[in-house]
Each structure stands twice: as structure tokens, then as C-alpha cells.
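Q: Could you go through this model with me before I set anything up? I'd like to start with the overall picture and then look at single residues.
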Amino acid sequence: MILRRRTTPSRAWPVLVALASLWALPAFAQRPVEITLTAAPAQLSLIAGAPTDMFVYNGQFPGPTLEFREGDRVIVHFRNNLPEPTTVHWHGLHLPFTSDGSPFHPVEPGEQYDYVFTIRPGTAGTYWYHPHPHHRTGYQIAKGLYGVIIVRAADDPLRSLPEKVIVISDNRFAPDGSIDLPASLSPEGIIDRENGREGDVIFVNGAVMPTIIIRAGEVQRWRVINASAARVYRLALPGHTLLHVGSDGGLFERPVEVDEITVANAERVELLVRGTGAPGDRAVLQALPYDRYIPQTRPRTWNETRELLTVQYASQPPMTAAPLPAVLRRIPALDTAHATAKRLMVLTQGMINGQMMDPARVDVGATLDATEIWEIENLVGMDHPFHLHGFQFQLLDRDGVPEPFRSWKDVVNVPRHGTARFIVRYASYPGKWMFHCHILDHEDHGMMGILEVRDDGNAVARTTKGH
Ligand code: C2O
Ligand code: CU
């Protein structure tokens with residue numbers, strides 16, 4: 001059961017419980033799923049000392065974990081009880097423009113909005129939702145608005161494994177318990193704008209250093225989400241290797257064994273953690289130093305290793321885990337021979353192709369169902385994680401080195417002076433789609449552009465798989 005504690009009663013609770021108990025439906029059932037989500041101010045005890053004034057979904061921090069199945073027809077009845085406009089963006093989901101929750105569709109204070117979408121077949125994976133109002137995304141996420149989405153496939157090859165959701169975010173607090181959000185022209189504010197805002201308190205599922213219990217011999221599936229404004233996590237679990245099995249848009253074709261894994265902003269990874277320790281052992285999931293910074297503003301503490309959570313081995317005797325499938329699923333390659341355009345995106349500090357975001361401008365115009373190649377070139381001395389709304393892509397290469405295996409992604413971290421190329425097909429949904437740096441301070445200050453996908457009436461293959 002992933003639905004978590006809540007601090008105040010909410011109307012959505014019975015609906016969500018009902019959702020969680022509907023698993024047993026036959027494969028390919030088209031379930032209508034209705035959810036009520038409310039954003040509102042709340043006071044929660046996050047750190048010792050004083051309560052914190054926050055913004056939260058359904059009274060919870062993080063918001064409720066939403067579980068969908070491929071094929072679900074989802075209606076989210078959203079209500080904005082915040083004192084300012086907001087939206088709900090369903091990060092990574094392939095859905096209609098009017099349900100994307102982009103800055104084009106703000107929901108005013110006291111207003112309601114229905115987000116309506118179908119969970120497309122082939123999209124099982126880990127996603128998240130967060131606000132996306134013009135200029136205020138970083139502020140509202142820092143105040144506590146984000147939550148996890150899990151999309152399941154009827155034929156999930158790993159469905160028998162016990163699962164843990166690990167959503168990581170960091171924050172900074174003033175001594176009175178309030179969230180430290182400096183004025184943008186203060187020295188702190190200027191550094192936040194450059195680096196992206198980081199905090200010294202790291203939360204996993206809304207708690208500091210929580211514990212995950214594992215049994216010796218057990219294999220667990222971890223879904224990790226980086227919900228931080230700017231901090232990048234280079235994860236390692238000393239004494240353990242990890243099996244990397246999935247990315248933003250779900251499982252790979254084959255597991256890949258790794259010693260560590262870097263999760264940039266808004267990225268997700270699926271990992272298998274094998275309990276190779278002994279009963280009673282203890283391990284700590286660490287964030288190793290990761291240098292994403294421009295030297296002038298690199299924090300003094302950047303090269304400290306941080307602790308995220310404790311993995312505690314149960315005292316029971318070791319168990320034997322079932323063997324893992326060698327092939328997880330097929331990922332058909334998007335064919336570069338079908339690409340009809342190449343787009344070059346040059347990243348500089350705060351800008352894309354030398355421009356800041358203008359909601360009235362279209363930066364890339366394209367036709368529905370077209371397949372295109374994007375090259376993202378980072379000219380500056382810090383990393384920028386690049387995100388495209390609406391359509392997941394397949395990475396072709398990074399710095400000219402072909403990607404070793406295929407996966408569906410919606411964020412790619414482009415390291416300092418680095419280049420990444422991906423291929424994408426604008427399937428199913430016309431509209432205006434944002435692309436931007438997912439360092440929230442950069443996004444809010446205009447490091448963003450607009451892709452307009454137009455339906456010229458000639459689009460084919462509308463019924464093909466939703467990516
Ligand atoms: Cu996760 Cu445009 O956002
Ligand atoms: Cu950036």
C-alpha cells in the first residue's frame with residue numbers, strides 16, 4: 001500500500017483507497033478513475049522546533065501517490081484553495097494539451113479545473129505531478145506541492161517484487177520554521193537563481209532519514225524520483241550493486257548492473273536492490289558529491305556525501321528470491337530514417353537559443369505525428385537538465401557517444417559543455433508544449449520555449465502506441 005499518511009481529512013481518501021483495491025481487474029479493462037485533488041495552505045511539522053507554513057495537496061506532504069493502470073480513463077477534479085494561481089502538471093504523461101497543466105491553463109484561486117486523460121498503453125512507469133504556473137513553479141514546489149504517479153502495465157514482468165517509492169527533495173528553513181525563500185535580489189537569492197535553489201535538509205517521502213526494511217536475500221523494486229529544484233543525486237548503497245531496470249518512461253529491455261546512479265532534476269529511475277547483506281545488517285543510501293556547478297557559485301559543501309535513508313535488514317533468516325526475467329519488455333526504436341527535421345537547442349545561462357520564454361512566441365512549429373531529432377548543446381559551465389512536455393523521447397547519443405540501450409525519457413541532463421541528441425515523435429496530441437531547463441529557478445526566469453504541434457489533417461497512424 002503506497003498511499004500514505006495524511007494529516008487532515010480529505011474527500012479524496014475514499015476514492016484513492018478504492019483505486020488501490022481495484023488491481024484485481026482483468027487485463028486491459030478500461031477503468032474510469034475519478035480523483036479529487038485540492039491544493040491548499042497547511043501547517044505541518046517538518047523539522048524540529050516550529051511548524052512550517054506550506055502548500056500541500058489533499059493535506060499531505062508529499063501529495064498522495066496516484067496509481068493508474070494503462071488504459072485508465074482519468075478525471076482529476078482539481079480545486080485551487082491557494083491564495084494564488086496554480087496548475088497541476090502531470091510530468092512525463094502523454095496527454096491532451098488542455099490537461100497538461102502548463103502555464104497556458106492557470107487555475108485561479110477558488111476555481112476548479114478537470115484534468116482529463118487516458119493512460120496510454122506502453123507508458124507504464126514512474127511519473128510525478130507538480131504545479132507549473134508562470135514564474136512560480138519553484139516557489140510552489142518549495143512550499144510542498146508535488147506527488148508521485150505510478151502507472152502499471154497488466155503484463156508488468158516485475159509485478160511480484162515488493163516495491164518502495166523514494167521521492168527525494170531538499171529544502172531550506174529559517175529558524176522560525178518557515179521555508180527560506182530569499183528575495184530575488186538578495187545575495188542568497190542571486191546565488192539561488194544561478195545554481196538553482198538547494199537546501200541542507202533532504203527529505204525522502206517527506207521525512208528525514210527514513211528506514212526501509214529489507215530481508216536478506218530479498219529483491220526490492222525501488223522507484224526513485226528527484227523532485228528537487230536543483231540538487232542532483234548520485235546514489236550509492238555501499239556494499240551493494242544495483243540493477244538499473246528503468247527510467248522516466250518505464251522499464252528498459254534488459255537490466256543493467258551499476259555501482260551508482262545519477263538522478264538529475266525531475267528524472268526517475270527504477271532500481272532493483274538485492275538484499276545481499278545478513279540479517280540485522282544496516283546500510284545507508286548515500287548521495288555522493290556531484291559537481292554540476294559553475295565554479296564561482298559552487299557551494300562550499302558541494303563535495304560532502306549526504307545520507308538519504310537507512311536500509312535495515314530484518315532479523316529473519318535469508319530468503320531466496322525468484323529469478324529475474326532476462327528481458328523486461330520490448331522498446332521499439334524510433335527510426336532516424338523517418339526524421340523530417342533537426343532542431344538545435346543551444347543552452348546558455350538562463351536562455352535557449354539566445355532567448356527567454358515568451359508565451360506569445362512559438363519557437364518550434366511542427367506537424368502532428370512528425371518524427372524529429374533534437375540536439376541540445378550546453379555552451380556553459382554548469383549542467384542543465386532539459387525537459388520536453390507531452391512526448392517522451394529516445395536518446396540517440398551524448399557527446400557523440402551512442403546511447404548504450406534504449407529507454408523512454410522526458411528529461412535529459414546536459415552536462416557543462418556537453419551535447420545530447422534525442423529522437424521524438426509528436427504522436428496523438430496537437431497543442432503548445434513547453435520545453436525547458438528543469439532547474440526550477442532557471443525555468444521560472446525564462447529558460448523555456450514552446451513547441452507547437454499542429455494537426456494539418458494528414459497525420460497517419462493515430463491508433464499506434466502512445467509514445
Ligand atoms: Cu516537471 Cu515543465 O515540468
Ligand atoms: Cu538550467
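Q: How much of the protein chain counts as buried?
A: In this predicted model, 59% of the 467 residues of the protein chain count as buried.

Q: What does the C-alpha trace span along the principal axes?
A: The span is about 60 × 50 × 45 Å.

Q: Switching to charges, how far apart are the mean positions of the positive and negative ones?
A: The protein chain carries 45 positive and 51 negative charges, and their mean positions are 4 Å apart.

Q: I had I119 on my list; is it buried or exposed?
A: I119 has a relative accessibility of 2%, and because the cut-off for buried is under 20%, it counts as buried. I119 is located in the loop between strand 6 (112-118) and strand 7 (125-130).

Q: What does I119 touch, leaving out residues up to four places away in sequence?
A: With those left out, I119 touches F68, R69, E70, G71, D72, V74, L93 and V151.

Q: Where is Q30, and what does it touch?
A: Q30 sits in the loop between helix 1 (12-20) and strand 1 (32-44). Setting aside residues up to four places away in sequence, Q30 touches G71 and R73. Q30 has a relative accessible area of 46%, so it is partly exposed. From Q30 to Y290 the C-alpha distance is 43 Å, and the two are 260 residues apart in sequence.

Q: Backbone geometry next: which residues does the cis peptide bond at omega of about -10° join?
A: That cis peptide bond joins F61 and P62. P62 is placed in the loop between strand 2 (52-57) and strand 3 (66-69), and F61 is likewise found in the loop between strand 2 and strand 3.

Q: Is F61 buried or exposed?
A: F61 is buried, with a relative accessible area of 4%. The C-alpha atoms of F61 and M448 are 28 Å apart in space, and these residues are 387 apart in sequence.

Q: What about phi of N205 and phi of D399?
A: Phi of N205 is near 55°, which is a positive value in a residue other than glycine. Phi of D399 is near 50°, again a positive value in a residue other than glycine.

Q: Where do N205 and D399 lie?
A: N205 lies in the loop between strand 10 (201-204) and strand 11 (211-214), while D399 is found in the loop between strand 25 (393-398) and strand 26 (401-402).

Q: And are they buried or exposed?
A: N205 is buried, with a relative accessible area of 17%, whereas D399, at 52% relative accessibility, counts as exposed.

Q: Last one: which strand holds R425, and is R425 buried or exposed?
A: R425 is found in strand 28, which covers residues 419-425, and at 15% relative accessibility R425 counts as buried. The C-alpha atoms of R425 and T367 are separated by 9.9 Å, although these residues are 58 apart along the chain.

Key: Residues are numbered from 1 along each chain as its sequence is written. Chains are lettered from A and ligands numbered from 1 in the order in which they are written. This is a predicted model: local features need pLDDT of at least 70, side-chain atom pairs count only at pLDDT 80 or more; totals for chains, interfaces and linings use all residues. Side-chain values use heavy atoms; hydrogens and water are left out. Buried means under 20% relative accessible area, exposed over 50%, partly exposed in between (1.4 Å probe, protein chains only). Lys and Arg count as positive and Asp and Glu as negative; His and the chain ends are not counted. The place of a charge is taken as NZ of Lys, CZ of Arg, CG of Asp or CD of Glu. Helices (H or I, at least four residues) and strands (E, at least two) are DSSP runs, numbered from the N terminus. Contact means heavy atoms within 4.5 Å.
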